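Visitor: I have a model open and would like to learn how to read it. Could we go through it feature by feature?

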Amino acid sequence: MHSNSMRTICLAALMLVAVCAQPAWAAGGKLIFENSLGTGVKGAFCAGDPQSAGKQVFGPVAKESTLQVDSKQIPDDPDCSRFYVLLDDGTGWQFYFEPSLGGSQSMALNWETPSKQSEERYPLLLIQNSGEYYTSAAGLPLVALVQSLAFGMTASDWKSFAVPGYDNLKERDQFVLAFGSVSWSLTEKGFSYYDDMKNNKGEALVSSVEFSSPFTLQMLDSMIEEFKQVGGLPLLVQRGKIASAFDARGKELEPSATLVEGLDGEDAAWDAFKDKVAESLDQEGELRMVFGTEELRIELSVDSETGNGLLRLSRTQEASFG
């Protein structure tokens with residue numbers, strides 16, 4: 001089985017206008033990069049083209065400091081829509097901004113938390129571009145992962161595409177997916193593979209992949225927009241023993257579920273989904289949400305005690321490659 005190069009994947013991501021503090025900025029063709037992390041930045045790279053992933057555009061930047069650079073050092077082309085930061089402590093993350101980070105006036109790298117109650121944190125890049133402010137959580141956007149799995153993804157594909165320099169990183173599985181405006185990390189299980197499907201190099205193709213992150217309901221609207229972007233639809237909402245299915249696929253997943261009828265179109269299905277999630281807040285047990293595309297089943301489970309979210313993307317039995 002042949003695995004197509006992920007260089008051909010068309011990426012798109014939802015960028016949210018930032019509401020946090022705005023970084024300093026410089027006029028006259030200069031860019032201010034502000035490093036508010038507790039460690040230094042060894043270098044920053046444009047990672048859109050694997051052939052140019054090793055080309056440093058600026059750095060180093062000491063911890064808790066700023067660096068002023070010529071904005072021309074960041075190419076204004078799609079190869080710099082994926083921006084990779086390597087830190088002194090051996091950590092590295094990728095950020096995505098469409099159409100390109102070229103032409104930005106400022107960037108600020110800091111830690112963010114999913115909610116005020118959360119002790120977990122993830123890397124966030126605040127960007128000033130064309131007079132507007134945006135945020136980008138560390139990791140590839142969901143659409144990139146969905147398209148990668150559809151093409152036929154191997155572990156080596158993931159390493160070279162999602163995190164440049166993967167094998168040399170200290171924490172290579174952290175903050176690798178940006179979804180719901182926060183960063184998700186690979187679980188200990190991570191990837192599952194087909195036993196009998198390989199690419200032309202003899203590498204096993206990935207059948208499913210699993211991520212974790214703290215979950216809050218504030219993330220849900222952003223998640224829904226990203227599901228829509230990849231052609232996803234809600235299939236099932238389940239909390240404890242109470243389940244609601246939105247089509248025959250959801251009913252097949254959970255035969256005891258009540259089928260929601262009278263849904264006229266995709267918007268109606270999503271509205272009904274949000275209503276059922278809201279109703280589930282008065283119930284007990286794990287919250288399970290299942291979504292589907294033509295090629296994938298996407299399941300999001302939320303632990304009622306810890307608030308931790310587990311996201312699993314699995315290729316369906318009917319899925320083809322390419």
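Visitor: What covers the buried residues of α3?

Guide: Keep in mind that this is a predicted model. For any helix, start with the repeat: an α-helix has 3.6 residues a turn, so residues three or four places apart point the same way. In this case the buried residues of α3 are Leu220, Ser222, Met223, Ile224, Glu226 and Phe227. Their cover includes the helices α1 (142–151) and α5, along with the strands β12 (177–179), β13, β18 and β19.

Visitor: How do I describe the packing of α3 and α5?

Guide: Two packed helices are described by the angle between their axes and the distance between the axes. Here α3 covers residues 220–229 and α5 covers residues 266–280; the angle is about 150° and the axes are 12 Å apart. Angles over 145 degrees count as roughly antiparallel, so α3 is roughly antiparallel to α5. Their crossing is right-handed.

Visitor: Which residues make the contact?

Guide: From α3 they are Leu220, Asp221, Ile224, Phe227 and Lys228. From α5 they are Asp267, Trp270, Phe273, Lys274 and Val277. By type, the contact of α3 with α5 has 6 nonpolar residues, 4 charged ones and no polar ones.

Visitor: What happens to the backbone just after α3?

Guide: Look at the phi angle there. Gly231 takes a positive phi of about 80°.

Visitor: In which sense do β18 and β19 pair, parallel or antiparallel?

Guide: Antiparallel, over 6 bridges, with β18 at residues 287–292 and β19 at residues 296–302.

Visitor: Which way does β8 run beside β2, parallel or antiparallel?

Guide: Parallel: β2 (residues 30–35) and β8 (residues 104–112) pair over 4 bridges. Phe33 is bridged to Met107 in β8. Strand β8 is also joined to β9 (residues 122–129), by 8 bridges, and these two run antiparallel. Ser106 has Gln128 of β9 as its bridge partner.

Visitor: Where is the cis peptide bond that involves Pro60?

Guide: Omega is the angle to check. The bond from Gly59 to Pro60 is cis, with omega near 5°. Pro60 sits in the loop between β4 and β5 (65–70).

Visitor: What is the phi of Ser130?

Guide: Ser130 has a positive phi of about 55°, although it is not a glycine. The residue lies in the loop between β9 and β10 (132–137). Ser130 is exposed, with a relative accessible area of 63%. Ser181, also not a glycine, has a positive phi of about 70° and belongs to the loop between β12 and β13. At 28% relative accessibility, Ser181 counts as partly exposed.

Visitor: How many helices and strands does the protein chain have?

Guide: The count is 5 helices and 20 strands. Of the chain's 322 residues, 52% count as buried. Among contacts with a separation of 6 or more, 63% come from residues 24 or more positions apart.

Methods: Residues are numbered from 1 along each chain as its sequence is written. This is a predicted model: local features need pLDDT of at least 70, side-chain atom pairs count only at pLDDT 80 or more; totals for chains, interfaces and linings use all residues. Side-chain values use heavy atoms; hydrogens and water are left out. Two strands pair if DSSP finds at least two bridges between them. Axes are lines fitted to C-alpha atoms, for helices over the stretch in contact, and angles run from 0 to 180 degrees between N-to-C directions. Angles under 35 degrees count as roughly parallel, over 145 as roughly antiparallel, 65 to 115 as roughly perpendicular and the rest as oblique. A crossing is left-handed if the near helix is turned anticlockwise from the far one by less than a right angle, and right-handed if clockwise. Contact means heavy atoms within 4.5 Å. Ala, Val, Leu, Ile, Met, Phe, Trp, Tyr, Cys and Pro count as nonpolar, Asp, Glu, Lys and Arg as charged, and the others, Gly among them, as polar. Buried means under 20% relative accessible area, exposed over 50%, partly exposed in between (1.4 Å probe, protein chains only).
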